Amino acid sequence: MPLIEILRIALSSIGVNKLRSALTMLGITIGVFSVIGVMTTVTALRSSIETGLSFLGTNMFQFGKYPVMGGGSNRREIEMRRDITLEQATRFKQLMEGTADVVCLKVFDGGGQAVYNGRKTTPDVTLAGTNEYFINANQFSIELGRNLQPEDIELGRPVIVIGQDIIKKLFPSENPLGKTIKMKGRTYVVVGTFADKGSSFGQSQDNIAMIPITRFFGDFGAARRTVNIATEAPSHLLYNETMDKGLTAMRIVRGLKPEDDNDFEVYSNESLLGAFAKVADYITAGSFVISGIALLAAGVGIMNIMLVSVTERTKEIGIRKSIGARKHSILTQFLIEAVTISLAGGVLGIVLGVIVGDVVAMLMKASAVFPWDWAVLGLLVCSGIGIGFGFYPAWKAASLDPIEALRYE
Amino acid sequence: MIPPPPPAAHVPRTVRPPGPLVIDIEDVTKLYRMGAEIVHALRGVALKVHRNEYMAIMGPSGSGKSTLMNMLGCLDTPTSGHYHFNGKDVSSMSDDELASIRNREIGFVFQTFNLLPRSTSLHNVELPLIYAGLPPAARRARAREALENVGLGDRMLHKPNELSGGQRQRVAVARALVNHPSILLADEPTGNLDSKTGEEIMQLFDQLYEQGNTIIVVTHEEDIARHARRAIRLHDGLIESDRMTGN
């Protein structure tokens, strides 16, 4: 008996119990959705990162007290490290002169509120204390006015460069340049504005302002502050050499003896990528476990519904057998039914997963992808589930005694 | 109350000369285990049926006639004894070989019609041809022809619940004959029909016999059995009598 006929029979009997089939499908959909959704996002982020979206600027590396992700087992040790002081950071910058000119020092405070002429922002502005290289290190650009200048830092001038979110709130119809605003209770003159940057990882990057780092320490104190130092190598060729020199300079300013370990963290695009990959692996593993459990439950659901279906259709099976259906025709009919339910659920799960995964990825500024490998794997797994859990019911149907089956009411 | 049917008109009946041997049963027994009890449904039955016969199997319930009919229809195999169908030993066949015999050599008509409820008449009649592996165009043509032959040319796309009992049984007859089987095996074909419709179905059977079909009808009604040319009576798993009927 040709497969196409069996397929037609199987499909028409699924159509008879639309709601029941749909509910059974849903289990598979959920299982496939979770893993495909996560894998789409991860794949999109990974490919965007690999093809140019970098955490740091090109050829940059950064020193800081804290590692990117938590700190793991030696958290306490990291807490015990000395902060990187402004003096140490300034010294580092001096040591690096001639090797790398672009050295950005930066500290951040969250929860700032900017006030101008009675208008206020919400108290969630990120205030950076930094130097003229902030725009290089964090990939901002200046729209109006000017960047911070070396003299601003040297003299600790009360000047500020503000982001678009702040401009929208405080200067809806005015030119902000030259205006005096209050930020975290201190007074600054607006000398420039950042160009719109949009959001990254779901967070606005325009709700930010920067002031000279010297002014920042003067206004807000040095207690429990540690400076991050981003250094740009002059070229890609000199990246490793610059990094080596940077490490030496950093060890000098930290006063480390040759036998001491680094008491600071080094971030590079590679190390950040590695950290991302590690997190991505955990998320992937988690989604696999969840999907596995969901698919197992869905498989049991399929087996259950197929057993019900076999019982309900005992008479039909008897009729088919009495007019000459062979065992394998009946077996295939019910197997195809199970596989179809499973595959339909899988396809729906893949479609939803890819859509949701890509929406999430796009919110994180990554471009959409279609993870073919995962989709194909998903379909294979769904077929496997259909066959695996559909086999027993199908075998039961195929093994029915035709006389008993015909007598069944 | 349904008025009793008029006495069957005794038109001159043709008796076609017997053809080659189709069914050859020798000393067949069938045992069932029902719990701890063993039921002897057939206790040694011998029966020969030739092509062109029109035979009735009669007997009270529990006489073994259903068992015999299941065995003749290759739905079941004997516990002991031999059953040759068209010269082939059926007693030792596998399930799939039996399915193939049922598909090609036997046409079933059941008391409860046993049509697929969600399929059209045409699809129901096509079904044996689907399992026989015929290409769609050929089987559709043959299914149409079979339906026209039972007078249902205008009911092909109706589903069983849109047909009367008599029409349903005609669809079942068309399905039974669509594969040109060696025998047509009918189990109480009028049992679920009123007597007028039942008589119409029996006239259809007579007609089919005239057209050259071999027919075995299982029934407990004398009126039905009277249509056949030969009647065997079963009692307690044994053939009690085997004689020609009618004129």
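**Entry 1: the A–B contact**

I looked up the contact between the chains in this predicted model. Chain B puts in 20 residues and chain A puts in 17 residues. Two residues are in contact here if their C-beta atoms, placed from the backbone, lie within 7 Å. On the chain B side, α2 (95-105) and α3 (121-132) each supply at least two residues. I noted that α2(B) gives the most, with six residues. Helices (H or I, at least four residues) and strands (E, at least two) are DSSP runs, numbered from the N terminus.

I then sorted the chain B side by residue type: nine nonpolar, five polar and six charged. My classes were these: Ala, Val, Leu, Ile, Met, Phe, Trp, Tyr, Cys and Pro are nonpolar, Asp, Glu, Lys and Arg are charged, and the others, Gly among them, are polar.

For bookkeeping, residues are numbered from 1 along each chain as its sequence is written, and chains are lettered from A and ligands numbered from 1 in the order in which they are written. The model is predicted, with local features needing pLDDT of at least 70 and side-chain atom pairs counting only at pLDDT 80 or more, while totals for chains, interfaces and linings use all residues.

**Entry 2: confidence**

The predictor gives the complex an ipTM of 0.90 and a pTM of 0.73. pLDDT is the predictor's confidence in each residue, from 0 to 100. Chain B averages 89, and 94% of its residues score at least 70. Where pLDDT is low, the predicted coordinates should not be read in detail.

**Entry 3: under helix α2(B)**

Which residues of α2(B) are buried? I listed B:Leu98, B:Ala99, B:Ile101, B:Arg102, B:Asn103 and B:Glu105. A residue is buried if 20 or more other C-beta atoms lie within 10 Å of its own, exposed if 12 or fewer, and partly exposed in between, with C-beta atoms placed from the backbone. The cover over these residues includes α11 (314-322) of chain A. From chain B, it includes β4 (80-85), β6 and α3.

**Entry 4: the open sheet of chain B**

I traced an open sheet of six strands in chain B, in the order β6-β7-β8-β3-β9-β10, with mixed pairing. Two strands pair if DSSP finds at least two bridges between them. Why is one side of β6 and of β10 left without a neighbour in the sheet? In chain B, β6 (106-109) and β10 (238-244) stand at the edges, each with a single partner strand, so one side of each has no neighbour in the sheet. Neighbouring strands are turned by 15 degrees against each other on average, direction ignored. Axes are lines fitted to C-alpha atoms, for helices over the stretch in contact, and angles run from 0 to 180 degrees between N-to-C directions.

B:Ile106 has B:Ile183 as its bridge partner in β7(B).

**Entry 5: B:Phe205**

I placed B:Phe205 in helix α6 (residues 195-210) of chain B. B:Phe205 has 23 other C-beta atoms within 10 Å, so it is buried. Leaving out residues up to four places away in sequence, B:Phe205 touches B:Ile215 and B:His227. I also took the C-alpha separation to B:Thr245, 40 residues apart along the chain: 16 Å.

**Entry 6: positive phi in chain A**

I checked two residues here. A:Asn117 has phi near 55 degrees, a positive value in a residue other than glycine. A:Asn117 lies in the loop between β3 (114-116) and β4 (119-120) of chain A. Is A:Asn117 buried or exposed? A:Asn117 is exposed, with 11 C-beta neighbours inside 10 Å.

A:Lys184 is not a glycine either, and its phi is positive at about 50 degrees. The loop that holds A:Lys184 runs between β8 (180-183) and β9 (186-194) of chain A. A:Lys184 counts as partly exposed, with 19 other C-beta atoms within 10 Å.

**Entry 7: overall form of each chain**

Chain A has 14 helices and 14 strands. Its radius of gyration is 32 Å, well over the 22 Å that the globule rule gives for 409 residues, so chain A is more spread out than a compact globule. The radius is taken over C-alpha atoms, and the rule is 2.2 Å times the number of residues to the power 0.38. The C-alpha atoms of chain A fill a box of roughly 100 × 60 × 35 Å along the principal axes. I counted 42% of the 409 residues as buried.

Chain B has seven helices and ten strands. Its radius of gyration is 18 Å, close to the 18 Å from the globule rule for 247 residues, so chain B is as compact as a globular protein of that length. Of the 247 residues in chain B, 47% are buried.
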